[in-house]
Amino acid sequence: MISKGEQCHEPPLHQYGKFKDYQAMVAQFEHQFRLGKLSIQGFWFYCQPMMGTMQALSIVLKKSLANNFIGSAVLNLLQSQAKAIAGDHVVRSLLEIMSHSASQAYLGILERWVYEGVINDPYGEFFIAENKSFQKESLSLDYDAKYWQKRYSLKDDIPSFLANATETILTTGKYLNVMRECGHNIQVPVADSKLTSVGSNHHYLECIKAAYDFASGELLNLIKEKYDLMGKLRSIKHYLLLDQGDFLVHFMDIAREELMKKPDDISTEKLQSLLDLALRSTAAVADSYHEELTCCVETTPLLKRLSILRDLQNNQIVSSHSDLEEPVSITGLETFALSFKVCWPLSLVISRKALTKYQLIFRFLFHCKHVNRQLCGTWQLHQGLRRLDMQGIAISVSSLLCHNMLKFINSLLHYLTFEVLEPNWHVMHNKLQTTKSIDEVIEYHDFFLDKCLQECLLLSPNLLQKLGKMKMMCLQYAAAAPRLITYSVDTPKTDALDIEKYKKLKARTQLQAQKVVSDNATVIESILKFEREFSAELQSLGPILNNSSSAEPYLTHLAQLLLGVGRD
């Protein structure tokens, strides 16, 4: 490290030449005055050698005082004045000497920043400002946290000789500061890299670049190795992007009753205990980070939540979003979300903002999985009736509709999982293996999330609203299908099938058979109504996807998948 004694260096003796010339002039004035020979003409004569120098100093002082210059501004003024008086070698030499002397204290501040990550600037002269109101804890709490961008920032006045290295200098100190706040003792090797002077050979720039490379490599290694960044990201992918679904199936089974309640009536503590049980009962227990998984219940529908975040992103006042068509009644199935405990310094990468984006994707996937499970249950009902030789028209029509709805939701899930999340994850994963700095890690991770949000249709409100309406139709049909079908075969209206009842159906009388035909007509009409509404929504989805796919090519295959439903 740089000691206090090494931070300031006395200039060579020849740099005091101008001061001695001034003293010699004053001595001549005094000598001539005592001899009684000092006249106005003589005074003017003896002043001539120092006139250029005094005028240059006067200009510097006037400009400094008039503009209240300090720090970088003074250094820039001295250097600009030296260049402006290129024809007067004597005056230019003096200004360069003054610039060199003034830069010594400045370089001392710079040294501590690029070698320790500390700003020792009692008079506010350094070109980097520290704003202590931005705390690192905000990264885990505030969606719009600006800690990494604004805790340390560049001022307007920057020394001209450092203009091309300001970002490197700022970033170097920020990296060192992160490690220092982690309790990680770090010392930049400075054997031959002391920032003692600013010369034409630009050696000081090489020193800064060496310090940056060291700090960047150390911090990246600390976050990747000690804090296991990639392990955390893989766990988040398993749970929030539903990469491993065995725990989710178990959780949805045991938490179904609680999730069916309204958000305000749901016990988060109960859901958390059920989630822990599901994790311990499945392969997820082998994940070393499964205990850091938590759950929460949002109070707003997905579309409204996205609109609120979009307003925050654009620095707009959060509106009421009355133009959004919201469901009449939402339950925990629409608002349930998982979260993850993330501590400093991983919160630099996995911030509250990043976790919120993961949660938005999770909510969409989770609801799609719920729709899929409900339709699968309905499909199993149809298959059970087929095994009992119940091949009525109502069952056949309903079976076809169920098949089309399943194809729709499975196609959507396939697109989200295998054409968006998995490919983008692998691209990000490969890039993270070759990153050189934590800023690159943040950039690649944020790009991954933004691209997933976009390609998962979460940034397309009209399209998302249309898909939401179709999913609600699927759920309404799945809820009504057991009652409709059991009614059509003259069984009690219960969700559970009475197999023995079905076996006696062949012994019906002719009157009973006629009644069944009449009832079947009513049931068929109800099922056909579902089919007409679903088909109409599917057809109206076509123009939206086709128009959007010209600007967003990733929608082309989704359009082929969804618009192919029902064409078998």
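Guide: A contact here means heavy atoms within 4.5 Å. Among the contacts in the chain between residues at least 6 apart in sequence, 75% join residues at least 24 apart. The model is a predicted one, in which local features need pLDDT of at least 70 and side-chain atom pairs count only at pLDDT 80 or more, while totals for chains, interfaces and linings use all residues. Residues are numbered from 1 along each chain as its sequence is written, and side-chain values use heavy atoms, with hydrogens and water left out.

The secondary structure of the chain comes to 21 helices and 4 strands, where helices (H or I, at least four residues) and strands (E, at least two) are DSSP runs numbered from the N terminus. Of the 568 residues in the chain, 46% are buried, a word that stands for under 20% relative accessible area, with exposed meaning over 50% and partly exposed in between (1.4 Å probe, protein chains only).

Two packed helices are described by the angle between their axes and the distance between the axes. The axes are lines fitted to C-alpha atoms, for helices over the stretch in contact, and the angles run from 0 to 180 degrees between N-to-C directions.

Helix H2 (residues 40–67) packs on H4 at an angle of about 45°, and the two axes are 9 Å apart. H2 is therefore oblique to H4, given that angles under 35 degrees count as roughly parallel, over 145 as roughly antiparallel, 65 to 115 as roughly perpendicular and the rest as oblique. The crossing of H2 and H4 is right-handed: a crossing is left-handed if the near helix is turned anticlockwise from the far one by less than a right angle, and right-handed if clockwise. H2 brings Gly 52, Thr 53, Ala 56, Leu 57 and Val 60 to this contact, and H4 meets them with Val 90, Val 91, Leu 94, Leu 95 and Met 98. By class, these residues are 8 nonpolar and 2 polar, with no charged ones, where Ala, Val, Leu, Ile, Met, Phe, Trp, Tyr, Cys and Pro count as nonpolar, Asp, Glu, Lys and Arg as charged, and the others, Gly among them, as polar.

In the loop between H2 and H3 lies Asn 68, which has a positive phi of about 55° although it is not a glycine, and which counts as exposed at 63% relative accessibility.

Helix H3 (residues 72–84) packs on H4 at about 160°, with the axes 9 Å apart, so H3 and H4 are roughly antiparallel to each other. Their crossing is left-handed. From H3 the contact takes Ser 72, Leu 75, Leu 78, Gln 79, Gln 81 and Ala 82, and from H4 it takes Arg 92, Leu 95, Glu 96, Met 98, Ser 99, Ala 102, Ser 103 and Tyr 106. This contact divides into 7 nonpolar, 5 polar and 2 charged residues.

Among the buried residues of H7 are Ile 169, Leu 170, Tyr 175 and Met 179.
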